[in-house]
Amino acid sequence: MTVQMERRQAAQSVTANGRAVTLEVKNLKVYYATPTGDVRAVDDVSFHVYKGEILGLVGESGCGKTTTAMAILRMVQPPGRIVGGQVLLDGIDLVGLNESALRDVRWNTLALIPQGAMNSLNPVMRIHTQIAEAIQTHEGRQPKDKLKQRILDLLSMVGLPSRIYDMYPHELSGGMKQRVCIAMAIALHPSLIIADEPTSALDVVVQRVVGQTLLDVKERMDVSMILIGHDMGLQAQLVDRIAVMYAGHMVEVAPVEAIFSEPLHPYTQLLIESIPSIKERKPLKLTEGITHDLRNPPPGCIFQERCPKVMDVCRRDRPPLRQLKPEHYVACHLYE
Ligand SMILES: Nc1ncnc2c1ncn2[C@@H]1O[C@H](COP(=O)(O)OP(=O)(O)O)[C@@H](O)[C@H]1O
Ligand code: SF4
Ligand SMILES: [Mg+2]
C-alpha cells in the first residue's frame, strides 16, 4: 500500500469531539543546538487542526511559531532537530517517515506560505512561469492549454485579474505578490496550508484583503489552515480557533470567541488587554520579550516571571495543558 493510500484509509477514522481531524501534533519537541546548550524552541507542544478550519497560532516573536511550522513539514534546519513527539497528518506520523515517503506527502498534501514569501518570488520570471514550475515540479509536464487555464483559474481564485499572468513580480503590489504566493500554495490541492505571518509586511487595508483571500480559499477548497500571526484583530476576523504559544509552550487553545470573551491564561489575558482600542487609550500592560533563557527554562510554569497571578506552586510544578471546558484547553495552576 502506498503512503497516499494509507493516508486516505487512516483519514476515515481520525476524529476528535466527533469532528474529522486533519493534523494532530503530539508532544512535539524541537531544539536548536548551541555551544552553550540546547535552545528549547518547541517544548512538548500538542494541538490539532480540524478539517476545513483555520487555526490561528499566536504568540510574541521568538515563542516558536515558525519552528512549529517547520517541524510539521519536517523542514527544521540544523542546528535544529526534532527531539520527540508525533506529527499525524490524516493519521500518518510524518516524524517517522523516510525522505522519499515524506516527499510524496509533503508537496501533495501540505503547503507552506513561508514568512516573507512574497519577497522570494523570482524577480526575472513571469508570474505564470513561476506557478507553472511549482505545478510541473510535482506533477510532471502538462499540456500547455490545460496548464494555462489552470493558472488562470488559480489567479481568479485568489482574486487577481488575468493580466497578472504575464507580469513580473516587480510590477505587482505587495498584496498582489502575497496573493500569487497563496495561488502557488493551493495549486496542488493540499489538505493543509500553513501561512506564516502572511500579512505582516503589508499595510492595514491590504492585510484585510489578503486575509479575506485566505478565508475565500479555505471556504472554496474546504482546506485546513494554520494561520501564524500576532495581529489579534486580524486573527479575530479570520480564524475558527486560536492556539497561544509562550516560550516554546502551548498555554491556551480555544474557539476564537472564547479567547476574546473569556481568556483563561494570564498571558492570553494580557495579549487581549494589549489590543489597541480606538475608543479608549490604555497603558500597555504587556512588556515585550520572553524573560528567561530558552536554554535554561525555570522549573514550574514557563510564564512565572511575568505573571501577575503567580503562586508558590507555579515556581515548582509545570502546569500541563488540560481541557477545562469543551474545546477550551489551558496550562495554568489557577484552574486546578
Ligand atoms: N538556528 C537557530 N539557532 C538557535 N536558535 C534558534 C535558531 N532558529 C530559531 N532559534 C530560536 O528558537 C526560538 C523560536 O524561534 P521561531 O520559531 O523563529 O519563533 P517565532 O516564529 O515565534 O518568532 C527563538 O528563541 C529563536 O531564537
Ligand atoms: S501557572 Fe501560575 S505563573 Fe503560570 S500562568 Fe498560571 S498563575 Fe501564572
Ligand atoms: Mg516566525
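Visitor: In this predicted model, which residues of S4 are buried on one side and which on the other?

Guide: Both faces of S4 are covered in the predicted model. In a regular strand the side chains alternate between the two faces of the sheet.

Visitor: Why is S4 described as largely enclosed by the rest of the structure?

Guide: Strand S4 spans residues 54-58. It is largely enclosed because the buried residues number five of the five.

Visitor: How many bridges join S4 to S9, and in which sense do the two strands run?

Guide: Strands of a sheet pair through backbone hydrogen bonds, either parallel or antiparallel. Strand S9 comprises residues 224-228, and within this pairing Ile54 has Met225 as its bridge partner. S4 and S9 are joined by four bridges, and they run parallel.

Visitor: Which residue of S10 is the bridge partner of Val58?

Guide: S4 also pairs with strand S10, residues 241-246, over four bridges in the parallel sense. Leu55 stands opposite Arg241 in S10. For Val58, the bridge partner in S10 is Val244.

Visitor: Which strands stand at the edges of the open sheet?

Guide: The sheet is formed by eight strands with mixed pairing, in the order S7-S8-S9-S4-S10-S11-S13-S12. Each edge strand has a single partner, so one of its sides is left without a neighbour in the sheet. From one strand to the next, the twist averages 20°. The edge strands are S7 (110-113) and S12 (322-325).

Visitor: At about what angle to S10 does helix H10 run?

Guide: Helix H10, residues 266-273, lies across two strands, S10 and S11 (249-255). Relative to S10, the helix runs at about 110°.

Visitor: Which element gives the largest share of the shell around ligand 1?

Guide: Of the 15 residues around ligand 1, those that come nearest are Tyr32, Ala41, Lys65, Thr66 and Thr67. Two or more residues of this shell come from each of strand S2 (19-34), strand S3 (37-50) and helix H2 (65-72). By class, the shell has six nonpolar, eight polar and one charged residues. The largest share, three residues, comes from H2.

Visitor: Which residues come nearest to ligand 2?

Guide: The shell around ligand 2 divides into 10 nonpolar, three polar and one charged residues. Of the 14 residues around this ligand, the nearest are Cys301, Cys307, Cys314, Cys332 and His333.

How values were computed. Residues numbered from 1 in each chain as written. Chains lettered and ligands numbered in written order. Predicted model: local features only at pLDDT ≥ 70, side-chain atom pairs only at ≥ 80, totals over all residues. Near = placed C-beta within 6 Å. Nonpolar A, V, L, I, M, F, W, Y, C, P; charged D, E, K, R; others polar. Buried ≥ 20, exposed ≤ 12 C-beta atoms within 10 Å, placed from the backbone. Pairing = 2+ DSSP bridges. Axes fitted to C-alpha atoms, helices over the stretch in contact; angles between N-to-C directions. Contact = placed C-beta atoms within 7 Å.
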